[in-house]
Amino acid sequence: MIRPADRRAIEEAAQRLRRGGLVAFPTETVYGLGVVATTPKAVARVFAIKGRPKFDPLIVHVATPEAARALWRECPEAAQRLMRTFWPGPLTLVLPKTKQIPALVTSGLPTVAVRVPDHPVAIQLLQLVGRPVAAPSANRFGQASPTTAAAVQEELGNDVSLILDGGPTRVGIESTVVAFEEGRPVLLRPGGVTVEQLTAVAGPVTIGERRAAAPEAPGMLERHYAPSTPLYLLDRPVAGEAGQWRAAGGRIGVLLLAPLTMAFPVSAAQVLSQRGDLVEAAANFFQALRRLDQAKVDLIVAVPMPEHGLGRALMDRLTRAAAGWARVEGHGLLIAGRAEEKDRVSV
Ligand code: TXA
Ligand code: MG
């Protein structure tokens, strides 16, 4: 059930969490599906409801930097600087864990990912619960993250009995995940805090490889954030050739950063920002993907985003949403399809 996140609803949510229940709640990035992190039974239900593989660890949410610090064995200088600058906010730090967080939360890893969200509802909830709350994005595994309470309902339906509605989320993409090697930051997932911002505060950032914790499952996380409609990511911005787009008997939906001036023979279009602004684009991103998925098009074509600022995080999401769909380019012809399927788009 969706309830406006007033004080009474937040109190009820806190009580449910303390009793081992699940609650979906807003953060500044995306909606999370929360459980008390120290209750393994409740954590197991989150994995089950999301259909999430056990080797993909969860992020733990706390109300203050001090509460975060208590969950780690150590905290290098660079991490302290990042916490001071970006918390509360869309930054998750991965550091060696104390015994307090059960292995199920961290998929058996010796580290735990923690963040302090920048959302009044999330903070009030965390204060009332008084315990760390593990919360993955409130979507089924591999699907687009929800940025509204209605999107949570679409994703999880009756599997979650209480969804706190705090309106559309401000940032719109998930937190940046940073680990540390010999005290130096390693980027595990681009997100709401940009690489440029991290570098300014903590020095050069190594771009880490984002992969499953279980080595026997390489590439399993490659396809992610994906709508059910095939999505093709173009390798360059569209120009005049878009006028000739044609899908074999199909309807095309297009995802654009900014409006195009040319005529566009597509059935549905989502423009992320009228001004081409990446902050606004990130805020609209997952909702736009959902709308295109619901527009009953046969395929979605996405244009590439600029690879700086939040554009890097958007490209990460788009690359994963497009994974699994073959893409062969040559002489302006894009042949796309899952293995032997014969969808063709002339570009
Ligand atoms: O913005 C966000 O981070 C949202 C909101 C709800 O806070 N949460 C979120 O959680 O995106 P989730 O579960 O969808 O993504 C968690 C990411 C995964 O990529 C996971 O592999 C990584 O964090 N992660 C968690 N613990 C880790 C660890 N100990 N080491 C490395 N990566 C970790
Ligand atoms: Mg997620």
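Before I start: I call two residues in contact when they have heavy atoms within 4.5 Å. I also keep in mind that this is a predicted model.

**Entry 1: helix H8.** I looked up which residues of H8 (residues 195-202) are buried, taking buried as under 20% relative accessible area. I found Val195, Leu198 and Ala202 buried in this helix. Looking down the axis of H8, I see these buried residues within an arc of 60°, so they line one face of the helix. What do the buried residues of H8 pack against? I listed helix H4 (77-86), strand E5 (91-96), strand E9 (176-181), E10 and helix H10 (310-322). Just after H8 I noted Gly203, with a positive phi of about 80°.

**Entry 2: who sits around ligand 1.** I have 22 residues around ligand 1, and Thr29, Arg52, Asp56, His61 and Ser175 come nearest. Sorting the shell by class, I get eleven nonpolar, six polar and five charged residues.

**Entry 3: polar contacts.** I checked side-chain atoms against oxygen atoms of ligand 1. For Thr29, a polar side-chain atom is 2.7 Å from a ligand oxygen. For Ser137, I read 2.9 Å between a polar side-chain atom and an oxygen of the ligand. For Ser175, an N or O atom of the side chain lies 2.5 Å from a ligand oxygen.

**Entry 4: cover and elements.** On its own, ligand 1 has 680 Å² of accessible area, and the protein covers 91% of that. Which elements give two or more residues to the shell? I wrote down strand E4 (59-61), strand E6 (111-115) and strand E10 (184-189). E6 gives the largest share, three residues.

How values were computed:
Residues numbered from 1 in each chain as written. Chains lettered and ligands numbered in written order. Predicted model: local features only at pLDDT ≥ 70, side-chain atom pairs only at ≥ 80, totals over all residues. Heavy atoms only, no water. Near = heavy atom within 4 Å. Polar contact = N/O pair within 3.5 Å; in protein donor to acceptor, adjacent residues only side chain to side chain. Areas by Shrake-Rupley, 256 points an atom, 1.4 Å probe, with all protein chains shown as cover. Helix = DSSP H or I, 4+ residues; strand = E, 2+ residues; numbered from the N terminus. Nonpolar A, V, L, I, M, F, W, Y, C, P; charged D, E, K, R; others polar. Buried < 20%, exposed > 50% of the residue type's maximum accessible area, 1.4 Å probe, protein only. Arc of directions from axis to C-beta.
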